[in-house]
Number of protein chains: 2
Amino acid sequence: MTTLNDRIKRDGIVVNESILKIDSFLNHQIDPLVISQIAEKLYDHYKETGVTKILTIEASGIAPALMTAQQFEVPMLFAKKATPSTLLEEQYKTDIHSYTKNITNSVIVSKEYLSQNDVVLIVDDFLASGQAAMGLIDLVKQAGAKVAGVGICVEKSFQGGREELEKMDVDVYSISRIASLKSNEVTFVEEARHE
Amino acid sequence: MTTLNDRIKRDGIVVNESILKIDSFLNHQIDPLVISQIAEKLYDHYKETGVTKILTIEASGIAPALMTAQQFEVPMLFAKKATPSTLLEEQYKTDIHSYTKNITNSVIVSKEYLSQNDVVLIVDDFLASGQAAMGLIDLVKQAGAKVAGVGICVEKSFQGGREELEKMDVDVYSISRIASLKSNEVTFVEEARHE
């Protein structure tokens with residue numbers, strides 16, 4: 001079986017020291033087999049935590065979150081960018097800053113779909129500085145629900161997101177962990193772990 | 001087995017004569033079981049057409065497109081809203097007007113992922129006036145690829161999209177077809193077909 005690390009080595013494009021482009025199988029074009037393998041691993045790691053819901057953010061988190069939800073046999077919920085027309089409804093709202101794009105977006109989830117009885121696994125494609133994950137955690141907390149953890153496809157371990165989340169006592173599990181993108185090359189954390 | 005029509009009857013909210021809200025299982029919160037049943041039906045309908053790629057548009061088309069791609073064992077590609085930072089790359093671009101939101105968005109796909117050898121099944125959550133599907137068809141044609149058809153979860157048959165697509169000789173297959181949302185009620189086309 002080709003691991004996610006192998007696939008990143010083969011098809012990932014290092015744009016610069018902080019940006020890895022994996023548009024050919026995870027972010028724009030999506031290989032369902034890669035995503036289903038990721039979902040199985042996230043399920044294995046979190047299966048004993050009583051997960052009742054998977055939460056992600058549009059758009060590129062939807063694919064891994066959906067297949068993870070299928071494994072757990074629970075619903076998947078995706079946070080949407082707030083628009084004027086959604087402001088009338090009852091919703092939880094938080095602000096998420098993107099350092100890559102240098103913009104802050106308000107995102108929302110309907111209050112109907114998160115309650116204090118939920119145990120929520122947050123799933124996303126990338127973990128960098130952790131802004132998106134922290135925004136999603138904020139939504140879960142507003143609902144009075146519990147965070148089971150944060151499951152990530154590709155972690156850029158040199159951008160500090162994991163540390164921020166662990167400070168909040170949140171379990172972080174990433175299928176692929178990138179230590180560096182220096183010298184136009186992808187170097188993984190604990191390469192042996194994924195063989 | 002609960003059909004999509006049954007689920008719409010049970011959980012759909014008729015907002016007005018043209019808007020049906022199915023946020024609880026298809027558009028915001030997503031039930032993976034509903035989506036996988038839809039994907040199986042789209043596969044059954046299009047399995048002999050030589051599909052090499054599934055194409056959709058972010059964000060709510062991603063879930064059904066991904067599971068359909070899994071059935072066909074082909075990649076899924078989603079058109080993204082164009083941003084200044086994407087303009088530098090080689091891409092196909094088209095404009096899509098949303099009557100619901102009264103805005104026009106430019107969407108793009110990378111030229112790398114669509115070629116003249118592709119046979120493309122377009123998948124989306126809703127079909128209304130057909131603007132999104134026609135934009136996606138335009139992208140496929142720019143690439144010189146072939147359209148296998150348009151597979152839809154929920155068709156609002158009273159908004160003319162099917163007729164527009166059929167005029168272009170495109171096969172349209174919808175899992176659920178809504179004839180009317182009048183009198184605060186969902187009425188389906190050919191209800192017996194889905195039993």
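The confidence scores of the prediction are given first. The model scores ipTM 0.93 and pTM 0.94. For chain A, the mean pLDDT is 93, and 94% of the residues reach 70 or more. Where pLDDT is low, the predicted coordinates should not be read in detail.

The relation between the two copies was then examined. Chain B is superposed on chain A by a rotation of 180° with 0.0 Å of shift along the axis, at an RMSD of 0.0 Å. This is the relation of a two-fold axis. Within chain B, the C-alpha nearest the axis belongs to Ala59(B), at 2.6 Å from it. Ala59(B) is located in the loop between strand S4 (53-57) and H4 of chain B, and the peptide bond leading from Glu58(B) to Ala59(B) is cis, with omega near 0°. In chain A, a cis peptide bond likewise joins Glu58(A) and Ala59(A), with omega of about 0°; Ala59(A) is placed in the loop between strand S4 (53-57) and H4 of chain A.

The interface involves 22 residues of chain B in contact with 22 residues of chain A. On the side of chain B that touches chain A, the elements giving two or more residues are strand S3 (29-30), helix H3 (32-46), H4 and strand S5 (76-81). The largest share of this side, five residues, is provided by H4(B). By class, the residues on the side of chain B that touches chain A comprise 13 nonpolar, five polar and four charged. Of the interface residues of chain B, 100% are also interface residues in chain A, so the copies meet through the same surface.

Contacts between the H4 helices of the two chains were considered next. Helix H4 (residues 62-72) of chain A packs with helix H4 (residues 62-72) of chain B at an angle of about 65°, the axes being 9 Å apart. H4(A) and H4(B) are therefore roughly perpendicular to each other, and their crossing is right-handed. The contact is formed by Ile62(A), Ala63(A) and Leu66(A) in H4(A), which meet Ile62(B), Ala63(B) and Leu66(B) in H4(B). The residues of this contact of H4(A) with H4(B) are six nonpolar, with no polar and no charged residues.

The crossing of H3(A) and H4(A) is right-handed. From H3(A), the residues in contact are Ile35(A), Ser36(A), Ile38(A), Ala39(A), Glu40(A), Leu42(A) and Tyr43(A); from H4(A), they are Ala63(A), Pro64(A), Met67(A), Thr68(A), Gln70(A), Gln71(A) and Phe72(A). The residues of the contact of H3(A) with H4(A) divide into nine nonpolar, four polar and one charged.

Ser183(B), a residue other than glycine, has a positive phi near 55°. Ser183(B) is found in the loop between strand S10 (172-180) and strand S11 (187-188) of chain B.

Notes: Residues are numbered from 1 along each chain as its sequence is written. Chains are lettered from A and ligands numbered from 1 in the order in which they are written. This is a predicted model: local features need pLDDT of at least 70, side-chain atom pairs count only at pLDDT 80 or more; totals for chains, interfaces and linings use all residues. Copies are superposed by least squares on the C-alpha atoms of residues with pLDDT of at least 70 in both. Two residues are in contact if their C-beta atoms, placed from the backbone, lie within 7 Å. Axes are lines fitted to C-alpha atoms, for helices over the stretch in contact, and angles run from 0 to 180 degrees between N-to-C directions. Helices (H or I, at least four residues) and strands (E, at least two) are DSSP runs, numbered from the N terminus. Angles under 35 degrees count as roughly parallel, over 145 as roughly antiparallel, 65 to 115 as roughly perpendicular and the rest as oblique. A crossing is left-handed if the near helix is turned anticlockwise from the far one by less than a right angle, and right-handed if clockwise. Ala, Val, Leu, Ile, Met, Phe, Trp, Tyr, Cys and Pro count as nonpolar, Asp, Glu, Lys and Arg as charged, and the others, Gly among them, as polar. pLDDT is the predictor's confidence in each residue, from 0 to 100.
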